[in-house]
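Me: Could you take me through the sheet in this model, and what lies against it? I am new to this, so please go strand by strand.

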Amino acid sequence: MHQGRWIGKGLELCGFGHYFARRRVENSAVSGISTTPDEVKVLGRTGGVTAHHVADDTEDVGYMAAQAAREACRAAGLDPKDVDLLILSNWTDRWCAPEWAPLIAMQIGADKALAFDICQGCAGFVHGVHTAAMYLSAGDYQHAMVIGSERFSRRVRPGSTGELVVSDAAGAAVLSRNGRDGLIDSVMHTTGTLAHTTTVDPRTGWVRSQRQLNDLAVIAIADAFQEILERNDLGHDEVDWLIPHAATEPFQEGLRQRLAFPPAKILSNFFTRGNTSSASIPSTLSEALETGRAHRGELIASPSLGGGVWSYGCLLYRILPDETTRD
């Protein structure tokens with residue numbers, strides 16, 4: 001049996017937060033939507049989403065990230081000034097300089113944190129936790145804040161089905177090195193050969209996905225999930241929750257069929273919140289713990305992919321009970 005790479009490192013996901021853009025649009029009230037054959041293949045006819053969130057000009061990536069990060073700190077019982085590593089995942093609002101992460105660290109009061117951005121598309125949260133775990137396990141850092149913050153609504157064609165499917169939001173998680181093995185394992189892969197499946201038109205900034213995206217995505221994400229199970233000698237029935245990146249309705253149906261995983265054990269806020277890209281996993285966790293849908297001590301796997309299929313991976317972890325005193 002392979003022991004999870006983080007067992008013995010004392011790393012714990014100990015606090016989550018979420019923020020959804022203030023403007024919530026009920027999809028049933030939206031008219032005049034047009035679609036293309038490629039969008040139907042990738043998104044389905046309606047996308048299955050009941051509502052989506054659209055940020056206003058005051059709700060930029062930094063603002064949304066800071067709201068989610070403060071909530072995660074409160075949930076972890078941590079003062080923001082104690083955060084010494086901050087990783088921000090974002091692809092929807094990339095610019096040359098400065099990076100978002102140092103600005104967010106300043107906003108929340110984590111003035112001494114090493115802060116930097118990553119861009120792995122929708123797989124950004126998984127990659128962020130994977131990266132933070134390496135920093136923390138080296139022994140120089142103790143409390144990491146990993147955030148996914150995206151204004152996805154600005155990256156889809158106006159008036160398209162995509163507008164109904166994506167949302168603007170942030171999700172955050174605190175990963176601490178405190179002697180408790182909550183984070184068990186993580187895997188992360190990239191493949192440039194499939195990068196063409198999702199691109200962004202440089203003239204408009206809108207996402208363009210190829211028809212085969214979901215078929216390739218399901219294979220990649222299922223492989224990452226299976227890899228982490230085999231690495232830890234686990235069966236599907238031993239995982240309490242599968243919390244994947246939200247993606248699309250056809251993708252979720254394809255994943256269920258390929259994994260033969262019980263639908264009742266798959267958690268997602270996709271149908272009520274939309275696809276929030278790298279914010280989807282942490283925001284789902286934050287809401288599920290807040291509402292009591294998920295419980296501490298349960299074993300969770302979170303597979304995700306981004307940039308089409310050029311980046312994909314999976315986390316294996318438990319959200320440990322509160323009663324053990326942290327260092």
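Reply: In this predicted model, five strands form an open sheet in the order S1-S7-S6-S4-S5, and their pairing is mixed. Start at the two edges: S1 (11-20) and S5 (114-118) are the edge strands, and each of them pairs on one side only. As you move through the sheet, neighbouring strands are turned by 15° against each other on average, with direction ignored.

Strand S1 pairs with S7 (residues 168-177) in the antiparallel sense, over nine bridges. To find one of the contacts between these strands, pick Leu13: its bridge partner in S7 is Leu175.

Helix H4 (residues 124-137) lies across S1, S4 (85-89), S5, S6 (143-151) and S7. Against S4, helix H4 runs at about 160°. Helix H9 (residues 280-291) lies across S1 and S7, and its angle to S1 is about 95°.

Buried residues of H6 include Leu213, Ala217, Ile221, Phe225, Ile228 and Arg231. After H6 comes Asp233, which has a positive phi, near 55°.

Notes. Residues are numbered from 1 along each chain as its sequence is written. This is a predicted model: local features need pLDDT of at least 70, side-chain atom pairs count only at pLDDT 80 or more; totals for chains, interfaces and linings use all residues. Side-chain values use heavy atoms; hydrogens and water are left out. Two strands pair if DSSP finds at least two bridges between them. Helices (H or I, at least four residues) and strands (E, at least two) are DSSP runs, numbered from the N terminus. Axes are lines fitted to C-alpha atoms, for helices over the stretch in contact, and angles run from 0 to 180 degrees between N-to-C directions. Contact means heavy atoms within 4.5 Å. Buried means under 20% relative accessible area, exposed over 50%, partly exposed in between (1.4 Å probe, protein chains only).
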